[in-house]
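Hi everyone, thanks for coming. Could we have the sequence and the structure up on the screen, please? Then I'll walk you through a few spots.

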Amino acid sequence: MSAPSDAEVIGRSLGEPEAFGLIYDRHAPSLLRFLGRRVGAKVAEGLVGELFRIAFERRKAFDPSRDNALPWLYGIGSNLLLKHRRGEARRLRASAQMAAARDRVDRRAGAAALDARLLFPRVADAIEALPDDEREALLLFAWEELSYQSVAEALALPIGTVRSRLNRARARLRELLESKGKGRERSR
Amino acid sequence: MKPVDLARKLRREAAFEPAALDRGKEALMAAIRQEVEPRRRPTIIPQLPYENVGAALAFLERAFGFQVIPASRLEGADGVVHHALVEFGDGVIGIGTQGAHGAISPMSGGIESQYISVAVGDVESHYQRALAAGARIAREPRDHGAGAHAYEAFDPEGHRWRFVHQRLREIR
């Protein structure tokens with residue numbers, strides 16, 4: 001016998017609430033990593049608790065035609081992260097420093113290394129400057145490796161809207177990176 | 001490099017302690033238990049005796065909007081219901097066969113020894129529903145002191161029910 005789908009487990013939890021614990025067992029590790037990436041392990045632990053309490057309270061509203069509850073849980077997590085924007089921005093800048101240092105070690109060469117030192121903080125700033133909805137779609141796609149369909153389920157959007165949002169985010173990143181680059185060249 | 005690939009370069013591996021996972025599970029299960037327990041078991045559950053439990057349950061659902069808790073139904077081998085819990089709002093009462101715990105239905109005993117008061121949001125619509133279901137009205141809806149609006153009805157075996165709306169603003 002195959003394991004019951006998330007939809008079946010959530011359905012069962014309507015009459016037998018303790019069954020919802022299985023949803024935690026299945027998905028809490030992914031969500032702890034997701035939230036940890038964004039705001040650090042300590043804050044993530046508190047958020048994951050909040051996330052599952054909200055999910056439990058809203059379990060009646062879960063769309064039973066979706067077998068996998070993970071995108072739905074990501075969506076709740078994305079909403080919770082909005083309250084932690086400042087911490088997230090700090091972490092993103094630190095990640096940029098780390099990425100730059102890593103790249104320097106990788107390449108060991110003058111011009112490319114200088115590039116990385118300038119480039120990654122710019123990427124961080126550009127991600128940071130995206131509107132909330134575009135940043136969220138981009139990071140679910142690029143960092144969590146969710147499919148368009150899953151991003152759509154997480155953010156409760158039609159898939160076409162996700163596609164256009166990601167395209168806008170790409171265009172904006174390109175634009176922000178280019179305009180800053182030019183600005184620097186001109187000021188030299 | 002493409003924008004998404006650049007964004008990907010800033011992705012970090014995020015480790016967590018296994019203990020954090022356990023703490024989260026414990027907190028969730030505690031929250032679930034807290035959420036569920038009070039609804040399942042109020043501290044006090046009145047038990048009402050009836051000659052015909054099945055008919056009483058049907059009437060209470062139809063006329064008063066009570067709901068039988070399915071898992072609580074006790075049936076004999078013959079399919080006759082002996083006892084069931086019904087709920088309304090956050091209240092629960094038991095409906096059982098008379099004599100089982102010494103209590104007697106008003107229909108057999110010829111006397112009502114108590115009445116039950118039930119808070120409702122809208123007395124008039126509740127009254128209309130009971131009337132349409134054939135409930136015998138003991139007292140028509142009217143205003144009482146201290147902002148209460150209420151009516152009283154008998155169920156088929158003569159238990160008296162009072163349905164009342166208390167306007168909060170007028171409570172001192």
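Let's begin in the loop between α8 and α9 (159-187) of chain A, where we find Ala156(A). One thing to keep in mind as we go: this is a predicted model. The phi of Ala156(A) is near 55 degrees, which is a positive value in a residue other than glycine. Is Ala156(A) buried or exposed? Ala156(A) is exposed, and its relative accessible area is 68%.

Chain A has another example for us. Glu145(A) sits in the loop between α7 (132-142) and α8 (148-155). Glu145(A) is not a glycine, yet its phi is positive, at about 55 degrees. Glu145(A) is also exposed, with a relative accessible area of 59%.

Staying in chain A, please look at helix α2, residues 21-39. Where does this helix kink? The kink lies at His27(A), shortly before the proline Pro29(A), and amounts to about 50 degrees. Most of α2(A) is covered, with 14 of its 19 residues buried. Just after α2(A) comes Gly40(A), which takes a positive phi of about 90 degrees.

Now over to chain B, and some strands. In a regular strand, side chains alternate between the two faces of the sheet. You can follow that pattern along β6 (residues 115-119) of chain B. Ile116(B) and Val118(B) point to one face and are buried.

My last stop is Asp155(B), in the loop between β8 (148-154) and β9 (160-166) of chain B. Asp155(B) is buried, yet has no salt bridge. Which side chain of opposite charge is nearest to Asp155(B)? That is Arg136(B), 7.7 Å away.

What Asp155(B) does have is a polar contact, side chain to side chain, with Tyr50(B) at 2.5 Å. If we leave aside neighbours within four places in sequence, Asp155(B) is in contact with Tyr50(B), Phe59(B) and Trp161(B). Do take a moment to find these residues on the screen.

Key
Residues are numbered from 1 along each chain as its sequence is written. Chains are lettered from A and ligands numbered from 1 in the order in which they are written. This is a predicted model: local features need pLDDT of at least 70, side-chain atom pairs count only at pLDDT 80 or more; totals for chains, interfaces and linings use all residues. Side-chain values use heavy atoms; hydrogens and water are left out. Helices (H or I, at least four residues) and strands (E, at least two) are DSSP runs, numbered from the N terminus. Buried means under 20% relative accessible area, exposed over 50%, partly exposed in between (1.4 Å probe, protein chains only). Lys and Arg count as positive and Asp and Glu as negative; His and the chain ends are not counted. A salt bridge is a side-chain nitrogen of Lys or Arg within 4 Å of a carboxyl oxygen of Asp or Glu. A polar contact is a pair of N or O atoms within 3.5 Å; within protein, one must be able to donate a hydrogen and the other to accept it, and residues adjacent in sequence count only if both atoms are side-chain atoms. Contact means heavy atoms within 4.5 Å. The bend at a residue is the angle between axes fitted to the seven residues ending there and the seven starting there.
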